[in-house]
Amino acid sequence: MFGNLCKIHRDKTHFIAIKHSPNLVLKKKSTVDIYRSIFDTAFEECLVSGNVILKKEHISCVSREDIKYNKDTFDYIKKRFQEYNIEKEDVYFINNINRRLNSIYLREKRFINKVNFYSETKYWNYFVTFTRDDKKYSSYESWLSAVKRTLSKFAYRRGWRYIFVLEKGVEHGREHLHGIVHIPQGQMVGLVRKCDLGYNHKMHCKQYANINSFFEKFGINDFKKVNYLGGATYQDILRYMTKYMNKSPEKFIYSRGVYDTVELFLTDSQLLPPTCKFNVLHYIVSEDVDIFSSFMNRDAVEYERQFYMVRSKISFMI
């Protein structure tokens, strides 16, 4: 017997399993809103200006109620509609603002779940920053496309796993990518050396960066090792990334193989007595079950299969 097929996610300190059940609820057809693009554009302008805020700063206690908006947001969006001579009731603006706030909450929750899923094994080992060089890349789109293409190749060939968020610099207007990365042992490219970036008058201190020689073609980069004990800790990095996530409407850049949930077969003896949340039974997975290695082995098999295919293609060409 294989047991029950369970969908497993991580909740702070434990793995939680939900037994699979078929979804018999039919999805409702969404109505087409021709004014949604005008609303979304105005809302994103408010998001960049800081009118949409988070009340709490601690990353482990973010909830939907923590995300609020100022009255200026409502007035600004309504004014933008009036510029196009479009009249809408206040209920329309309130419902759409709540829709966007809910998407912000789900976006942040998805990111935290993906990162924390690996936290027990100290999976993430580098905090990486890429900064666009105006002399090498005149446009933001070409620079971002080149960086994403390179990272995608390393995810495929070297087993890198990463999550990046975009930050647009205020002082010089240059774009940055901040990300948390897992680089397997022996799969680092280039040479990493510590460089002096000079005195920062804003921070009133000297700045140093661990620059990777391979990524210098994209601009300034910084590869810092993640510290799980002190200094710039793992939780500080997550808080830093979520801060910029809520200031920008840009999407996160995820590599393939970064999970927030997995599906495994578990027996009843491997599940502790359940608790009911939202009419769904949540089981705590026993500590004897090694969830992480179970789905990581699946990644290793896939990586070996891809390596074999590439090697066979090269031998065929020779």
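1. Strands here are DSSP E runs of at least two residues, and helices are H or I runs of at least four, numbered from the N terminus; two strands pair if DSSP finds at least two bridges between them.

2. The model is predicted: local features need pLDDT of at least 70, side-chain atom pairs count only at pLDDT 80 or more, and totals for chains, interfaces and linings use all residues. Residues are numbered from 1 along each chain as its sequence is written, and side-chain values use heavy atoms, with hydrogens and water left out.

3. S11 is joined to strand S6 (residues 161–168) by two bridges in the antiparallel sense. Tyr 254 of S11 is the bridge partner of Ile 163.

4. Strand S1 (residues 4–11) runs antiparallel to strand S12 (residues 261–266), with six bridges between them; Asn 4 has Leu 266 in S12 as its bridge partner. S1 also pairs with strand S2 (residues 14–19), again antiparallel and over six bridges, and His 9 stands opposite Ile 16 in S2. Two residues separate S1 and S2 in a hairpin, where Lys 12 in the turn has a positive phi of about 60°.

5. Lys 153 lies in helix H4 (residues 140–157). Its relative accessible area is 40%, so Lys 153 is partly exposed (between 20% and 50%; 1.4 Å probe, protein chains only).
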